[in-house]
Amino acid sequence: MSFPDPIAVFRTEAAELLEQIEAGLLDLNVNLGDKDQVDAVFRGLHTLKGSGAMFGFDALAAFTHHCETAFDRVRKGEVPATQELVTAVLEAKDHMRALIETPAGDHEAASEVLLANLRAAVEGAKNPGAAQTAGTVPAKTLFKIRFSLPQNAMANGTNPLPLLDELRELGECKIVADRSAIPSLDLLTPTDLHISWDVELLTAQPRSAIEDVFIFVMDEMQLDITAVEATAPAARASVKSEAAPSPQPVAATQDMAAAARAPTPASALTAPADTKPNKASENVRVPAEKLDELMDRVGELVIAQSRLSQLAGGSGDLQLRAVSEDVERLSGELRDTMMVLRMVPVAHLFSRFRRLVHDLAHETGKTIELITEGESTEVDKSVIERLADPLVHLVRNSCDHGLETPEERRAAGKPEAGRILLSARQQAGEVIITIKDDGRGINKDRVRAKAEASGLIPSGASLTDNELYQLIFQPGFSTAQQVTNLSGRGVGMDVVKRTIDALRGTINVASHPGQGSEISLAIPLTLAIIDGLLVRVGAGRYVIPLSAVEECLELSIEEDMRSRGRSFISLRDSLVPFLRLRDLFRTGTKPDPFQKVVVISTGAERVGLVVDQIIGDHQTVIKAMSKLHHDVATFSGATILGDGDVALILDVGHLVAEGQQQEAHLRAAG
Amino acid sequence: MTASILTVDDSASIRLTTRVALSNAGYQVTEAVDGMDGIAKLNAGQFDLIVTDLNMPNMDGLTMIRELRKMPAHMGVPVIFLTTESDSDLKQQAKAAGATGWLTKPFDPESLAKIVRKVLGK
């Protein structure tokens, strides 16, 4: 058995440590008195320095040493934690990453500058803040609060939102609304309250402070407050002693650091996946490519199984049929399990936005509060990876263009701090990711003016709000007027749209002038297997993603002849253009006497595809096309059928665009 | 937009204290001298919050709260009533009539402003 490359292992570990350091710093930035975070950051730096030195990353070790020293002093109470210090170490942290990635590079000058910043931050912090740190930081407790208000609370003037705000003021707060008790629309009384709330609150305040929030409704409501864990002084002492710098072997320090990390309340707050911290040891870490490999095998098994089913179905052997049915069930279960394995919580993806928003707030001089919800929502790993860039762009956009400056906000009567809500939830085979801000909203007139100026729409065209908002995703929609150093990252809104399209997702935009905008991305949970509709065109078989299929109609020969040259069918009083796949694929065969039209859609646009036969639905394991076929636009991939034949998967987005183009062409021709 | 508050009390000094406290906190204040006057003011305008005494001539606070909860325009308006330590029965009655919160007399201007802020949000 071969051992993994120690350098690679160190790099993975270092990346995790850096993330841990960053998370600690950002938490610290919110609450500078948080002793646990100071310890966490110190431990991270300490371990990084130790492992770095052990694996020959000397520059990293030397550089990290200075940051560690600074935090050691904060830990000992010699120097207070300040915003400046946190910012200096955050910058230093980015530099550490560079030192890890290119240890041989020339980093000396940069190191010097950063260390000078660090020294300045430490010196600056020592004097004014000395009195502050003399006092001890009160221990914080993590409370789990569950409450529901009396049903008539709103009619009697109690507004739940200020209550939630009050809870937020007590400390770090994670609020989840339980909407399961909301009745269906016909039974709903709008003034009644059906929501209950689950809150995780990390606060230095006593329980009575939480009860005070609910003082007016206390008697009638259900309120359940549990102190999950108090950071007892004894526990803190032990954390301190083990984290003290010492020349003991690296591995031992790490284990202890990991053990100490698990029970801190902050980790339970920021990463819901960690709510069972003690189970961490039961996890097995597997390289992603092994999972992909396994997925491939499962896909092949599903294919082999459907061949078996076909054979068994055609044979009279009852025993063979029974075995085949068992295999079918088992492989189905295996596939579902496999899917679950590939699912990872979006928490990891969301966590990187904290840093982004922190930096953006700095650069733009705005105060921005990022709220994330539904971090435990799970999505296929490959989907998560591809979502990162579009999300970064959308969040940047919100920070940069959506939110106003503090002055503008004050003038508009809004709280100075802009708010960005990033949330994820699952809904019927899709994950919905929403980016919502309380900024100025999308300026419809400006979008229209720009779209007209760049020729995207004729001037004065009548468009619905949604159609208008969708224009911002058009490639020709120039954002030149608004480009700043923040948004000039080369990823435009059209790239966002293209990525989401490639994920077979949809984008929805809502906006209210002066109140903010909301962009929702609906993405299928997985990319690897889809439900498809298997059709025959000429002698070939093709798969149409079922999610895009609206309906199937018959196209009689007469109708086909009548419509020749004018490829439109009338579908409930609207004309839908259609494409004859037989012509498109040049099969050279005669049309079947009973051709079918499969109507597919993306968003509001529809196109009919004329096929010879509809075979039925088909669980489709998607295989990527080879590099040679990369530029074939009509197909998005291929799959292997039960009998071993290959069927190509139609690219719905492309075909709809083509059909619409053809329509526009014909319309223009008269 | 500044929130607009109706204060209902038969005591002129309490009305003044309330008006000063709430005006200083940045709210716009309208006064009414009893429940009847309160209902009349409610019929004439829209308020974000009502601060009312319970013991008043012509129409007491409890009756006023019950009446205003029947008026569609004022159903969800928060109502804070002024009470004394001793009337815990009255407190229950007021809550049952649809009051949102209370403030115990004697009160200092700061705690009134704090409670109004608590109920209205920021």
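Predicted model: local features only at pLDDT ≥ 70, side-chain atom pairs only at ≥ 80, totals over all residues.
Figure 1. Helices (H or I, at least four residues) and strands (E, at least two) are DSSP runs, numbered from the N terminus.

Helix α14 of chain A covers residues 347-364, which makes 18 residues. From its first C-alpha to its last it reaches 26 Å, close to the 26 Å expected at 1.5 Å a residue; the expected span is 1.5 Å times one less than the number of residues. Contact here means that the C-beta atoms of two residues, placed from the backbone, lie within 7 Å. Just after the helix, look for A:G365, with a positive phi of about 70 degrees.

**Figure 2. The largest nonpolar core has 36 residues.** A nonpolar core is a set of buried Ala, Val, Leu, Ile, Met, Phe, Trp, Tyr and Cys residues joined through C-beta atoms within 7 Å. The members that touch the most others are A:V357, A:I368, A:V395, A:C399, A:I420, A:L422 and A:I523. At least two residues of this core come from each of α14, β6, α15, β8, β9 (430-437), α17 (444-453), α19 (493-502) and β11 (516-524) of chain A. The largest share, seven residues, belongs to α15(A). For a closer look, pick A:I420: leaving out residues up to four places away in sequence, A:I420 touches A:V357, A:I368, A:L370, A:V395, A:S398, A:C399, A:I435 and A:D437. A second, separate core holds 34 residues, including A:A14, A:L25, A:F57 and A:F63.

**Figure 3. Five strands of chain A build an open sheet with mixed pairing.** The order is β14-β17-β18-β16-β15. Strands β14 (549-555) and β15 (568-571) are the edges, each pairing on one side only. On average, neighbouring strands are turned by 35 degrees against each other, direction ignored. Two strands pair if DSSP finds at least two bridges between them.

Strand β16(A) makes a handy guide through this view, with five of its seven residues buried. Strands β15(A) and β16(A) pair in the antiparallel sense over four bridges, and A:S570 stands opposite A:L575. Their hairpin has two residues between the strands, and A:R572 takes a positive phi near 45 degrees there. Strands β16 (residues 574-580) and β18 (residues 605-611) of chain A pair in the parallel sense over three bridges. Here A:F578 has A:G608 as its bridge partner, and A:R580 has A:V610.

**Figure 4. Chain B carries an open, parallel sheet of five strands.** Along the sequence, chain B follows the pattern β-α-β-α-β-α-β-α-β-α. The strand order in the sheet is β2-β1-β3-β4-β5, with β2 (28-32) and β5 (101-105) at the edges. The twist averages 20 degrees from one strand to the next. Strands β3 (residues 49-53) and β4 (residues 79-84) of chain B share four bridges in the parallel sense, and B:I50 has B:V79 as its bridge partner.

Helix α1 (residues 12-24) of chain B lies across β1 (4-8), β2 and β3, running at about 165 degrees to β2(B). Helix α5(B) touches β1, β3, β4 and β5 of chain B, and its direction makes about 175 degrees with that of β5(B). Axes are lines fitted to C-alpha atoms, for helices over the stretch in contact, and angles run from 0 to 180 degrees between N-to-C directions. Of the 122 residues of chain B, 40% count as buried.

**Figure 5. Chain B meets chain A through 15 residues from chain B and 14 residues from chain A.** On the side of chain B, helix α5 (residues 109-120) gives the most, with three residues. That side divides into eight nonpolar, five polar and two charged residues. In this tally Ala, Val, Leu, Ile, Met, Phe, Trp, Tyr, Cys and Pro count as nonpolar, Asp, Glu, Lys and Arg as charged, and the others, Gly among them, as polar.

Conventions. Residues numbered from 1 in each chain as written. Chains lettered and ligands numbered in written order. Buried ≥ 20, exposed ≤ 12 C-beta atoms within 10 Å, placed from the backbone.
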